Structures are given as structure tokens and as C-alpha cells.
Amino acid sequence: MALIAGGVVLGGCMAVVYALQAPTLEQFASMVGATAAFTGAALLVGGLLGFLFGIPRTLQRDLRRDASRNGAHGDASAEPSRELSYQANTNLEQISDWLTKILVGVGLTQTSTIKDALWRFSEHTISALGGFKSNGLFFSALLVYFLVSGFLLSYLWTRLYFAGELQQADLAASLGGKLKQVENKVNELENQSLLDAKALSLVQRQLNPALDSSPVSQEELNAALKAASCGVRAQSFYLAQSVRRENWREPEDKPKMERTIPIFRALISVDAENVEHTTHAQLGFALKDQRKPDWAEAEAELTRAIEIRGDWRERGWLLYEFNRALCRIKLDPGFNAGTSSDAAARSALLADLQAAAHDGDLVPVIAQEPSIQQWMQLNGVDNSTLANA
């Protein structure tokens, strides 16, 4: 390309040397200006033609076709994947393709008229540039010289550099988009980290309040756990579950156990699809074991846990039925009056106790629970009835 560019400069110098034959300064300036305009136009037309002929096509390879060509084995039914080296404007490619074919076709069919066209052109230059006899020949040579030079310069630049410029531009755009995605992801993670930290802080404050800390409202817990990640929700559940398990037996520990109730309520509020049966069960246990048991709500939460869990024969978790039986006994009007239960209540309670009896660990607990044993005596149910169910 440097050699061709040097040739263009040399052609311009020859045009200036040719104009030195002008007898006056005005005619010299006129010839130089006309020659510069003429050579510039020829160079521009040649450059445009070279650009049209040199526009690269979008590079895309069918990887499956390449693999089969190289003898690789793959799934023939798989969709072919494409690798784009860069993404050029396909409309410009099509226009370039059409124009080059038209120009080549017209050029081949009109070859015989090129000589006549150059001769007519030389006649115009003789009269326009001082009337020198050599004007026609010289400017015809300049026309060919600068057309070819412009074509070669533009064609080589397009082939050697234009594709690379397109690749760099597309790569920059692609990397810019990916960097933006990474930046957005980092911002999301940072924001989520702050939300998770706030949620865990509220849960810890609820479970272990400082003397000078303000109470945590149910609405605060609901909002914080709703915004928290799934991992933090799970962590909050296990923290509350651990506190409940460690503090439900002794009366002096029950106030601490009761602090888990708002956390379980908040976790249930964010479980929009109602798939976590353990959260309902833990809330039911806490409501049953608090200082002033809420038997009705505890029974409702345990029932919801059982519904979500499914058939106990497949899923287990028979502690749900055992605790629901205790709640139903406490709610049974017949039991509270010291008489047998009605048929519906007796059937429901007996079904829960029979299910719980399938857990070997719960059998001795059933035998030692005063409320259950009293209900069984009132309703003519013995332990063998449960064992044989």
C-alpha cells in the first residue's frame, strides 16, 4: 500500500510538471487546479470501486460441517452451531455483491466502446486545458493511472484493515455489554448482601434482644425476609427452629421460645407457593407449647403442614399427627366435659393417633402422655387398638 500511495504522489507531481508548459501564471494555476480536481475525482471513483469489490462477507462457519469434514464424530441430529468472527452489515454486502456483478458484466459487454470513450474524453481536455495537443493523451493516461491507483488503495485497505476494524468494533460492543452485565450483577449482589444482612440482624434481634433495643414488629420481619435471599430465609428458619427446640419444655424458657413465633409467621408470609410444610409445623409446635397455648391456631397450622406434606406413609413426619391429636383433644368439648367424643371427633383423633403409632419413637410418648391416655379411657380405646391399626 505504501508503494501505491507513493505512486499517487508521483502522479500528482507529474501533473504539476506537465502544467509548467503553460505560458502564463494564470493558465498554470488553471491547469493545476483542473488536474487536481480531475485526478481527485478519478481517485475517488477508483476508491469506491475498490471498496465495493473488497467489502468482506460476514465470517460464519458451520461447526458441525467442519467437524464432519475433519472426520470428527458427533450427533448428526444436533442443531448446527455457528461461530461469528464479526457481524457486518449484510445489506451492504448484498449491495456490494450486486454492484460488482453489474460492473463486471457491463464492463465485459462494453469493452469495445472503451477506446471511443477515451478518445472523446481526450478531445474535451484539449480544448479545456490550453489547447495543447498532448492534453488528450496525458489526461487519458492520468485517468487510467488514478482510477487503478484508487481502486488498488481502497481494495487493499478494505481487505487488510476494514474487517479488523469491524471485528474490533463488535468486540468492544460485546465486551461493553458483558461488562455492563457484570456490573449490574455485582450491584445486585451488593444490594442483596445488604438486604440479607438486615434480615439476619432483625432475626437475631428478635431471638436475642438487647436490653436497650426496640421491639421488632411483625411487619418489619415480613418485609425483611421477603427481600432476603433463599439462603438467608433457610438460615433464619434453622435459627428459630433451634431456639424453639431448646426452650419449649421448661416454663422459665418458654418466653424465649415464644420469640420464634413471629419469625415462623414471617417465613410463612413469604412462602407464596405454600411448599414449606416444616415452617407451618414449627409454628404449630410453638403455638401449642407457649405459656398460653393457642390450640385452635396450632391445630390449623399442623393441619396445613400435613396437607402440604402429603401421605404420611410416603413422607413420614408423624410428629405432626401426634401434636395435632393433642390439639384436638384440648379442643374436644367431650373431653373437656369428661365424657366421650362425638363420632366425628373420635374418628379424626383416632386416625391421628393410629398414624403416630406407626413411628416406633412415638409409641412410648403416646403411652406416657396424660391427655392422650385420659382421652383413650373416655373413648374406650386402648394401646393395642393403636398398635394394630
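Start by selecting Trp317. At 45% relative accessibility, Trp317 counts as partly exposed. (Buried means under 20% relative accessible area, exposed means over 50%, and partly exposed is in between, with a 1.4 Å probe and protein chains only.) Trp317 sits in the loop between α13 (312–315) and α14. Helices here are DSSP runs of H or I with at least four residues, strands are runs of E with at least two, and both are numbered from the N terminus. Check the backbone of Trp317: phi is near 55°, a positive value in a residue other than glycine. Most residues other than glycine have a negative phi.

This is a predicted model, where local features need pLDDT of at least 70, side-chain atom pairs count only at pLDDT 80 or more, and totals for chains, interfaces and linings use all residues. Residues are numbered from 1 along each chain as its sequence is written, and side-chain values use heavy atoms, with hydrogens and water left out.

**Whole chain**

Zoom out. The protein chain has 19 helices and 2 strands. Of its 389 residues, 34% count as buried. Now consider contacts, meaning heavy atoms within 4.5 Å. Among those between residues at least 6 apart in sequence, 67% join residues at least 24 apart.

**Asn274**

Select Asn274 next. Asn274 lies in the loop between α10 and α11. Its phi is near 50°, again a positive value in a residue other than glycine. Is Asn274 buried, exposed or partly exposed? Asn274 is partly exposed, with a relative accessible area of 29%.

**α11 against α14**

Show α11 (277–289) and α14 (319–331) together. Their axes come within 11 Å and cross at roughly 35°. (Axes are lines fitted to C-alpha atoms, for helices over the stretch in contact; angles run from 0 to 180 degrees between N-to-C directions.) α11 passes α14 in a left-handed crossing. Left-handed means that the near helix is turned anticlockwise from the far one by less than a right angle; clockwise is right-handed.

Which residues meet here? Display the side chains:

- From α11: His277, Thr278, Ala281, Phe285 and Lys288.
- From α14: Leu319, Tyr320, Asn323, Leu326 and Cys327.

By class, this contact has 6 nonpolar, 3 polar and 1 charged residues. Nonpolar covers Ala, Val, Leu, Ile, Met, Phe, Trp, Tyr, Cys and Pro; charged covers Asp, Glu, Lys and Arg; the others, Gly among them, are polar.

**The largest pocket**

A pocket is an open set of points on a 1 Å grid over the protein atoms alone, where a 1.4 Å probe fits, with protein on both sides within 12 Å along at least five of seven lines; lining residues have an atom within 4 Å of a point. The volume is about 590 Å³. That volume is the space filled by probe spheres set on the points, with grid points joined across faces, edges and corners.

Colour the helices that line the largest pocket. α8 (230–246), α11, α14 and α17 (363–368) each supply at least two residues. The lining has 12 nonpolar, 7 polar and 9 charged residues.

**The second largest pocket**

Move to the second largest pocket, with a volume of about 330 Å³. Its lining has 14 residues, and Arg233, Ala234, Asp271, Glu276 and Thr279 are the closest to its centre. α8, α10 (261–270) and α11 each supply at least two lining residues. Which helix gives the largest share? α8 does, with 5 residues. The lining divides into 8 nonpolar, 2 polar and 4 charged residues.

**Buried stops**

Select Phe264 in helix α10. Phe264 is buried, with a relative accessible area of 0%. Leaving out residues up to four places away in sequence, Phe264 touches Phe237, Ala240, Gln241, Arg244, Thr279, Gln282 and Leu283. Draw a C-alpha to C-alpha distance from Phe264 to Phe237: it reads 7.2 Å, across 27 residues of sequence.

Now pick Ser236 in helix α8. Ser236 counts as buried, at 0% relative accessibility. Its contacts, with residues up to four places away again not counted, are Leu200, Val203, Leu225 and Ile263.

Finish at Met31 in helix α2 (residues 25–54). Met31 is buried, with a relative accessible area of 1%. Met31 and Leu20 are 11 residues apart in sequence and 8.9 Å apart in space, C-alpha to C-alpha.
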